[in-house]
Amino acid sequence: MSGVKTVLLLGGLSGLMLAIGGALGGSTGLFIAFIIAIGMNFGSYWFSDKIVLRMTRAYEVGPDHLLYRITERLVENTNLPMPRVYITPDQSPNAFATGRNPDHAVVAATEGLLQNLNQEELAGVMAHELAHVQNRDILISSIAATLAATILMLTRIAQFAMIFGNDGRRDNIVTFLATLILAPLAAALIQSAISRSREYEADRIGAHIAGTPEGLANALARMENIQEHVQPDTNPATAHMYIMMPFSRSGFMSLFSTHPPTEKRIRRLLS
C-alpha cells in the first residue's frame with residue numbers, strides 16, 4: 001500500500017509540474033517541466049533524505065550524544081536497525097524522520113527540542129519518529145518534501161515571469177495567477193492526504209516503543225506551548241515531516257493542516 005501511495009504522489013505532483021510548465025511556456029515549458037519531473041522522480045527516491053537534511057541544515061551526532069543514546073535504547077524495543085541521528089539548528093522544538101527505508105533511515109531533532117524537553121519527553125518524541133520508520137512513512141514524506149520544494153521554486157519562477165515578462169506573455173495573466181494560487185494549494189492538499197492519519201498511528205506505536213504514553217503526551221503539550229513564542233527556522237516544503245506543524249494555520253487554512261489538533265492527539269494517547 002505504501003508503494004502505491006508513493007507512485008500516486010509522484011504521479012500527482014509530476015502532473016502538476018507539467019501543468020505549470022505548460023502554462024508558463026507552452027510546448028517548450030512542457031518539455032522543460034517533463035525533463036525536471038523525470039530528474040526529480042529519480043532524485044527524490046534515491047536522494048530525498050540527503051535533500052531534506054540539506055534543506056534543514058542538519059548535522060550528524062554519534063554515540064557520545066544524549067539524543068543518540070536515547071534513540072539507541074528505544075531501538076532495542078523494536079526490530080529496526082539503528083538509524084543515523086541528526087540535529088538541526090532550529091530553536092523551535094520539533095523532530096522528523098527521513099530516508100528510503102528502515103535500512104537507510106534518519107531521525108532528527110531540533111536544538112530547541114533538546115533544550116526544552118526532559119529525557120522522558122525526548123524519548124516519547126524519538127519513539128514517535130521510530131514509529132514512522134517502522135511504518136515506512138519516511139519515503140513518501142521525504143519525496144513529498146522534495147517535490148513540494150520544486151513546486152515552490154516553479155511558482156517563484158512564475159512570479160518573476162509575470163512581473164518581467166514581455167507584453168505577449170502578459171496576455172496570459174489569468175493563467176499565471178491560476179498557477180500561482182492553485183499550485184501551492186494542490187501541493188498542500190496532497191501533503192495533507194499523506195500525513196494526517198499517520199500521525200495518530202505513529203503516536204500509538206511510539207507510545208508502545210517508549211513503554212508509556214505520558215512522555216509523548218507531555219512533550220506535545222510542551223512543544224505546542226513553546227512554539228507560540230518561538231519563530232521556527234524551517235523550510236515550508238518540509239513542514240509535513242515534523243512531529244508538530246511548525247507553522248500556525250487557523251481558520252480556512254487549518255483545513256490543509258498535515259497534522260491533527262494537538263489536544264486530540266494527547267487525548268488519544270492518554271486514553
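**A buried histidine**

Guide: Histidine 128 has 0% relative accessibility, so this residue counts as buried. The model is a predicted one.

Visitor: Which helix is histidine 128 found in?
Guide: Histidine 128 is in helix H4.

Visitor: And what does histidine 128 touch, leaving out residues up to four places away in sequence?
Guide: With those left out, histidine 128 touches Glu199, Ala202, Asp203, Gly206, Leu216, Ile243 and Arg265.

Visitor: Which residues are linked in a network of salt bridges?
Guide: Glu199, Asp203 and Arg265 are linked that way. Histidine 128 touches each of these three.

Visitor: How far apart are the N and O atoms in the salt bridge of glutamate 199 and arginine 265?
Guide: The N to O distance there is 3.6 Å.

Visitor: Are glutamate 199 and arginine 265 buried or exposed?
Guide: Both glutamate 199 and arginine 265 are buried.

Visitor: How many salt bridges are there in the whole structure?
Guide: A search of the whole structure finds six. One of them is formed by aspartate 137 and arginine 198, with 3.1 Å between the closest N and O atoms. That pair also links distant parts of the chain: aspartate 137 is in the loop between H4 and helix H5 (138–164), arginine 198 is in helix H7, and they are 61 residues apart. Aspartate 137 and arginine 198 are both buried.

Visitor: What about glutamate 201 and arginine 204, where do they lie?
Guide: Both lie in helix H7, three residues apart, which is about one turn of the helix.

Visitor: Why does glutamate 201 count as partly exposed?
Guide: Glutamate 201 counts as partly exposed because its relative accessibility is 31%. Arginine 204 counts as partly exposed too, at 44%.

Visitor: Let me step back. How many helices and strands does the protein have?
Guide: The protein has nine helices and four strands. From the N terminus on, the elements run α-β-α-β-β-β-α-α-α-α-α-α-α.

Visitor: What share of the residues is buried?
Guide: Buried residues make up 51% of the 271 residues in the protein.

Visitor: On to the largest nonpolar core. Which residues there touch the most other members?
Guide: They are Leu74, Leu113, Val125, Met223 and Ile243, out of 38 residues in that core. The elements that give two or more residues to this core include H2, strand S2 (84–88), helix H7 (173–210) and helix H8 (214–227). H4 gives the most, with eight residues.

Visitor: What does leucine 113 touch, not counting residues up to four places away in sequence?
Guide: Leucine 113 touches Ser92, Pro93, Asn94, Ala95, Leu122, Val125 and Met223. Another core, of eleven residues, lies apart from the largest one, and among its members are Met55, Ala58, Val106 and Met241.

Visitor: You mentioned H2. Which residues are buried in helix H2?
Guide: In helix H2 (residues 66–75), the buried ones are Leu67, Tyr68, Ile70, Thr71, Leu74 and Val75. They cover an arc of only 165° around the axis, so they are on the same side of H2.

Visitor: Now the surface. Which residues form a nonpolar patch there?
Guide: Phe31, Ile32, Phe34, Ile35 and Ile38 form one, with about 500 Å² of accessible area together. Isoleucine 32 is found in helix H1 (residues 2–55). With 46% relative accessibility, isoleucine 32 counts as partly exposed.

Visitor: Last one. Where is arginine 222 found?
Guide: Arginine 222 is in helix H8. At 35% relative accessibility, arginine 222 counts as partly exposed.

Visitor: What is arginine 222 in contact with, leaving aside neighbours within four places in sequence?
Guide: Arginine 222 is in contact with Asn116, Leu117, Asn118 and Glu121. Arginine 222 and leucine 117 are 105 residues apart in sequence but 7.8 Å apart in space, C-alpha to C-alpha.

Terms used:
Residues numbered from 1 in each chain as written. Predicted model: local features only at pLDDT ≥ 70, side-chain atom pairs only at ≥ 80, totals over all residues. Heavy atoms only, no water. Buried < 20%, exposed > 50% of the residue type's maximum accessible area, 1.4 Å probe, protein only. Arc of directions from axis to C-beta. Core = buried A, V, L, I, M, F, W, Y, C linked by side-chain atoms within 4.5 Å. Contact = heavy atoms within 4.5 Å. Patch = residues over 30% accessible without salt bridge, like charges linked within 9 Å, V, L, I, M, F, W, Y side chains within 5 Å. Areas by Shrake-Rupley, 256 points an atom, 1.4 Å probe, with all protein chains shown as cover. Salt bridge = Lys/Arg side-chain N within 4 Å of Asp/Glu carboxyl O.
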